[in-house]
Amino acid sequence: MTQTSKTLEVSVWRGDAATGNYETFDVPAHDNQTILDVVSWIQQNSDATLSYRFACRVGMCGSCAMMVNGKPRWTCRTHVKKVLDGNKVTVAPLRNLPVIKDLAVDMDPFFDKWVKAEGRHHPTGTRHDPMPEIKPDDPARAEANKAIECINCSVCYASCDTVAGNPDYLGPAALQRAWTLYNDAKDADKQSILDAVAGTGGCHNCHSQGSCTLYCPNELDPLSAILGLKRASAKSFFKGGR
Amino acid sequence: MKSHRSHPLWFAYGLHRISGLALALFLPAHFWVLSLALTQPERMDGFLHWAENPMVKLAEFGLVFLLAVHMFGGLRLLALEFLPWSGRQKSFAAAACAAAFLVSGSFFLNAM
Amino acid sequence: MLNIQLYMAQRLSAMLMAPLVLGHLAVMIYAIQGGLSAEEILTRTRGSAAWFLYYGLFVAAASVHGAVGLRVIVHEMTGLRGWGLWSLTWGFGLILMFLGARAVMAVTGL
């Protein structure tokens with residue numbers, strides 16, 4: 001098959017949490033086309049029962065994340081020409097999350113773990129206190145800033161084999177968020193963050209596979225954040241035994 | 001192999017896991033053979049004689065390779081986790097494999 | 001299925017074993033020069049407190065390290081957890097300790 005073929009052969013996963021299979025569609029090929037364009041074309045012209053998610057379609061919201069040829073990606077930012085195998089491509093729902101229908105997954109477990117990792121702010125002051133001055137080049141602040149652009153798209157979570165094998169594992173996104181709060185000078189309760197990330201599903205389960213950092217569409221580095229948490233909890237362990 | 005796994009850091013993880021598992025399963029047998037020196041020394045000698053077979057030498061080379069790979073990979077992980085380095089891990093992982101080959105290669109050469 | 005205590009046991013036993021492994025490899029490369037025999041090994045190791053300590057420590061560290069490592073692999077590949085997983089962890093660790101201790105005693109006669 002050559003690239004000048006006018007039709008794409010697209011395998012799309014159909015089904016739900018219980019059962020499913022791949023269904024193949026013939027989609028007209030265009031010069032400039034994203035996987036999201038392809039999925040939308042199928043739903044609009046071929047099979048109106050196909051379920052999928054998207055919102056901004058310009059690479060800002062992360063809603064369109066799916067597995068494309070086995071790799072988790074934002075489909076609105078995946079050019080068809082870059083991933084075609086001859087004229088074939090495979091689209092499936094994100095890995096490691098329960099499937100609701102077809103390409104739409106249940107994001108609840110992802111957000112539950114986000115909360116469980118204690119990545120929430122513990123205030124040090126009230127609105128009546130003066131604003132604390134935090135310099136942007138302060139090392140801890142720089143470290144936190146590297147990780148705060150996460151938009152919870154779940155691509156890292158889908159790429160991680162440790163998440164796949166260990167249902168308790170909090171996952172790269174949740175742990176990275178906890179790391180940003182740990183480095184936040186205004187946070188009052190760093191110990192509870194450490195406790196949350198050093199328990200059974202915590203950062204110590206990470207095997208440093210690095211798929212999270214490799215696939216993050218925002219070019220964040222959850223692997224380094226998790227390594228930071230390991231160092232922080234180790235220090236705390238040797239000081240206080242926790 | 002699933003395509004999301006085709007990258008160097010994942011291979012380093014995979015190699016580390018496989019070598020660890022192989023070593024963990026090998027150790028009880030290794031300890032048992034050594035303890036033959038206590039109860040049945042002739043049997044131990046018989047075993048060592050059998051171990052002169054080139055196929056066994058090849059297996060021993062494999063074991064030393066696995067041990068060296070697991071150790072150097074482990075040192076890489078310890079550096080990653082306890083020292084605030086970044087960005088050098090891919091080259092270090094490659095160097096770890098090379099060093100492991102060197103050590104096990106010298107074992108093999110001396111064993112012939 | 002690791003918490004910080006198991007993780008620390010794993011990492012500390014690893015750090016302890018790094019020099020021990022290098023030493024073991026060096027000893028092996030030296031020992032196999034000109035063939036290997038039980039008598040050759042035993043004349044050097046019998047009655048040696050130094051070898052007893054070296055390999056005794058090695059066995060202890062390897063038992064901890066191997067048991068925790070196996071625990072992680074079994075949990076991630078089979079989903080075993082709770083009481084079953086703990087039994088496997090302790091069971092494997094104790095078997096290695098026991099066999100290893102026997103081997104060290106056999107080789108040093110101590």
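Let's start with one helix, α3(C): counting 1.5 Å a residue, its 30 residues should span 44 Å, and the C-alpha atoms at its ends are 42 Å apart, which agrees. The expected span here is 1.5 Å times one less than the number of residues in the helix. Helices (H or I, at least four residues) and strands (E, at least two) are DSSP runs, numbered from the N terminus.

Before going on, a word about the model and its labels. This is a predicted model, in which local features need pLDDT of at least 70 and side-chain atom pairs count only at pLDDT 80 or more, while totals for chains, interfaces and linings use all residues. Residues are numbered from 1 along each chain as its sequence is written, and chains are lettered from A and ligands numbered from 1 in the order in which they are written.

Stepping back to the whole of chain C, we find four helices and zero strands, in the order α-α-α-α from the N terminus. The radius of gyration of chain C is 16 Å, well over the 13 Å that the globule rule gives for 110 residues, so chain C is more spread out than a compact globule. For these values, the radius of gyration is taken over C-alpha atoms, and the globule rule is 2.2 Å times the number of residues to the power 0.38. Along the principal axes, the C-alpha atoms of chain C fill a box of roughly 50 × 25 × 20 Å.

Now see how α3(C), residues 49-78, meets α1(C), residues 4-31: their axes come within 8 Å and cross at roughly 135 degrees. Axes are lines fitted to C-alpha atoms, for helices over the stretch in contact, and angles run from 0 to 180 degrees between N-to-C directions. The two helices α1(C) and α3(C) are therefore oblique to each other; angles under 35 degrees count as roughly parallel, over 145 as roughly antiparallel, 65 to 115 as roughly perpendicular and the rest as oblique. Their crossing is left-handed, meaning that the near helix is turned anticlockwise from the far one by less than a right angle (right-handed if clockwise). Among the residues making the contact are Leu6(C), Met17(C) and His24(C) of α1(C), along with Phe58(C), His65(C) and Val68(C) of α3(C). Two residues are in contact if their C-beta atoms, placed from the backbone, lie within 7 Å. By class, this contact has 12 nonpolar, four polar and no charged residues. Ala, Val, Leu, Ile, Met, Phe, Trp, Tyr, Cys and Pro count as nonpolar, Asp, Glu, Lys and Arg as charged, and the others, Gly among them, as polar.

Chain C also touches chain B, with 28 residues from chain C and 27 residues from chain B. On the chain C side, α1, α2 (38-45), α3 and α4 (82-108) each give two or more residues, and α4(C) provides the largest share, nine residues. This side of chain C has 21 nonpolar, five polar and two charged residues.

Chain B meets chain A as well, in a contact of 16 residues from chain A and 12 residues from chain B. Here β4 (71-74), α9 (211-215) and α10 (222-240) of chain A each supply at least two residues, with the largest share, five residues, coming from α10(A). The chain A side divides into four nonpolar, nine polar and three charged residues.

Finally, inside chain A, α3(A) (residues 108-116) and α7(A) (residues 172-182) pack at about 25 degrees with their axes 8 Å apart. They are therefore roughly parallel to each other, and α3(A) passes α7(A) in a right-handed crossing.
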